[in-house]
Every structure is written in C-alpha cells, then in structure tokens.
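Here is my notebook from an afternoon of looking things up. Follow along with the structure open.

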Amino acid sequence: MAGQSEPTRILILGGGYVGMYTALNLQKKLGRREASVTVVDPQPHMTYQPFLPEAAAGSVEPRHVVAPLRRVLKRCHVITAAVTDINNSDKVVTVNNPQTGTETLEYDLLVVALGSVSRLLPIPGLAEQGISLKTVGEAIYLRNHVLAKLDAAANTNDEELRKRLLTFTFVGGGFAGGEALAELEDMARYATRYYSNITPEDMSWVLVEAAGRVMPEVSEKMGVYVVKALEERGIKVYLNTFLKSVEGGHAVLSDGTEFDTDTLVWNAGVKANPVLKSSDLPLDDRGRVRATAHLQVEGLPNVWAAGDCSAVPDLSKTEDDPTATCAPSAQHAVRQADQLAKNVLASMRGKATKEYKHAYAGSVAGLGLYKGVADVYGFKAKGFVAWFMHRSYHVSRMPTFNRKLRIIIDWTLAFMFKREAVSMGQIQDPKADFERAAAS
C-alpha cells in the first residue's frame, strides 16, 4: 500500500470507543496524501458506556457522556448510517440511512469495530417488556420511566397497581446491571422526599442473576460485599436464579417466585453485532470476527478488528488456556484502540506490527452516590474511596478535555445543589399533544 499513488482508503466500521480512537490516532499521524479515513456509525457520536448509569440517575448530563464524531474527527469523513453488508472479496461495504437510503463504500483497508448488542434470550414477554442500558437514549428513557412510575404511584389508591408501579426489576448482575440498579435506586430513594405518600420502603428493587455471584469482574469477596450492600438498602438479590417469563408484566423466576412489575431492565450479557453474519469475514462460534493478537483478521491482511465484536487472543491467559480471548470490556477497548492504530500505521509503512497484550488490571464500580467497590491490582476498597476511584478512572478515560470538564462540572453542581428529580415524560412520546390537537 505504501507504493500506491492514490491515498489509501481506510474505512472504519463503528464509531464507538475503538472506532473513534483508532480514527483519532490515525488522523493525527497520517498525511493527507497518505490516506483518507472514513468512519461509519448509525449515531453521530461516540457513547462512553460506563457513564450511562450515572446519566440515567441524573448525576451527569446525558449529552456530556457522548463525544460528537464530527467535532473530534475533523480530518475524517463521518457517515451516519448503519452497516448492512460487508463484502471483503470485492472490498465493498453497504450502509443504510433511513432518510437517505442505501449506499456502497469501497475501501483498501477495513477496520471492524462494530461493538456489541444486548444478548436476548427466548423468554416469553422479554422483547415486549424489557429495556437495556447500552445507549444514551435508553439512559434518558429509564430515568424518565422510573420517575414517571413514582408520579403514577403517588396518584393511585389501588394498592395492587401501586405495588406493581413501584417494583423495579433488573436482570443481570454484572457491572452494567449492578451499576444501573444501584444508581437508579439511589436516585429514586432521593426522589421520594418530594412525595408525601411514597417512602423508600414502598419501593421494591429486584436483581436477578443466573450465576452464583454478582460482578464477576471483582474478587469473590468483593462480590459478596456488593450483595450485602445492596440488601442493606432493601434490594432483593436472587442468585442462581433466572427469569422464566415476564408476559404482561408478570415476572416468573426459576425458583418459583412470582410478582408483577412495570419495569424490567435487561443487562444479561452482550453478543457481537449481528451484522457480521452478513459478511464474508471469518467468525468464531459466538459470531465474533476471528483476529490475531496483532488485531488483524485471520487470513485477511487488509482487515483489522478490535473491541466487543472481535475474538482477540488474551495473551495474559493463553498459557493456561490457549483458547482464551479478551473479554468485552471497556478496559480492553481502550487499550486495543491504541494498539490497533499503531499496527495499521506500521503495516501501511512496511514496518513490523506488535501483539496486543494487557493483563487484567482490576475493576471499579459505582453503587450510587458516595458508594462503590474497587479491586485494582490487588488493592480492594469499598464505600467512598471506591466511589472516588470509580469516578476518577472513568473521567480520565472520557474522550476530549471538553467532555472531561463538563462531567466534572456536572458532579460539582450536583454536589452543591443536589439532584434534579423530575420526569420529562413528554420525551417518550413528543407528538402526543400535537396528535390530540389534530384529532379534536
């Protein structure tokens, strides 16, 4: 490629952390005549997902947990569209925008960073009743939804309906599920001070986890602490239990427990973006792109992959387990993006690429305001210290100084003036009043 007279056409699929940072690093180091970089994503921004629970709880302004791609990637061409087909044999990708239609993009070098989507199971009622927390839109929806349920419960004397409205169920006890539950419960608990007829004890918060522990990313001892901390707040934690059905809002658990709920948040794992199945790229049995430790797709020298959609060997574990691959975590995404850009650049210039190797450093998690858990390089902390570590780490990873500063200002204002606990339910159905006026 280095000898081409025309600039190398680099196409990056996905504008998440891996895609955006790969493009950012390439635009800094590539000459304009050396290559052109195009980034494709359905959204015009990158979402920093670890901050979504805080955005849902109102600790951070939702707009501040996203980085506008066009503002960050000034020397790249950004296309807002969804990838529908990848044909590497012809070096063509098909994309679609509902408002502008289908388009085909040609490339010389392809970077696959399509990320993951929620992994749903064939549980009756789940598709109709469930909501995930992987996008900023879902974070805004959940915040308004929970506060709207408090409003509705305050306006009814029907005890059965009231109980259903105030029952909030979360399935999946990993970091995503645990943090979302803890942050939203903390917000709702705070909001009850503004209701004369609702107390924290009136609400029922439920966590359902199929495994025998929560947050497997931290040590077992710290996982036990998380369960105890949640239970001390009145949250019911069901371990070794799975959701069997939730038809019509009636939840049935595998241990026989049954209850009605108007809120079901699903965070029981992720899977690689399903569009990869509409490609000629080599996939593993979990639908992920098979990649080498150099982040190059197996057998395809012009295709690279990283992040949740890729099966990259975890060299820190392969001595014990030759089949070990990197977990779909923000920690790997951050580091893979940096190495991926370096390897792409080296490959284009005829230099040797390097393997990606990162030993697991540990994890930090927030469990609500001033509450958290941390297990980093063997150092274990809980409570305020862990909460501070959680915020410090993630704000350091938030892209751009602009976003870092805005988030710190959000936290400072929330500390000085407390939470804003108000539902903006009109966002859920913004045209309702207009349509009623038109029909009258």
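I began with the rings that gather together. Tyr17, Tyr21, Tyr48, Phe51 and Trp411 are linked into a cluster by ring pairs. I kept in mind that this is a predicted model. I then looked up the count for the structure, and it holds ten aromatic pairs.

Next I picked out Tyr370 and Trp387. Their ring centres are 4.9 Å apart and their planes stand at 70°, so I noted the pair as edge-to-face; the label needs planes over 60 degrees apart. Where do the two residues lie? Tyr370 is in the loop between strand S23 (362-366) and strand S24 (372-376), while Trp387 is in helix H10 (residues 384-397), so the pair ties together parts that are 17 residues apart in sequence.

Trp387 has another partner. With Phe384 it forms a tilted aromatic pair, 5.3 Å centre to centre and with 40° between the planes. Both Phe384 and Trp387 sit in helix H10, three residues apart, which is about one turn of the helix.

Tyr370 is partly exposed, with a relative accessible area of 34%. Phe384 is partly exposed too, at 48% relative accessibility.

Last, I turned to a sheet. Three strands form an open, antiparallel sheet in the order S6-S7-S8. Its edge strands are S6 (82-87) and S8 (101-106), each pairing on one side only. On average, neighbouring strands here are turned by 20° against each other, direction ignored. S6 and S7 (residues 92-97) pair over five bridges, and Asn87 stands opposite Val92 in S7.

Definitions and conventions: Residues numbered from 1 in each chain as written. Predicted model: local features only at pLDDT ≥ 70, side-chain atom pairs only at ≥ 80, totals over all residues. Heavy atoms only, no water. Pairing = 2+ DSSP bridges. Helix = DSSP H or I, 4+ residues; strand = E, 2+ residues; numbered from the N terminus. Axes fitted to C-alpha atoms, helices over the stretch in contact; angles between N-to-C directions. Phe/Tyr/Trp six-rings, centres within 6.5 Å; stacked < 30°, edge-to-face > 60°. Buried < 20%, exposed > 50% of the residue type's maximum accessible area, 1.4 Å probe, protein only.
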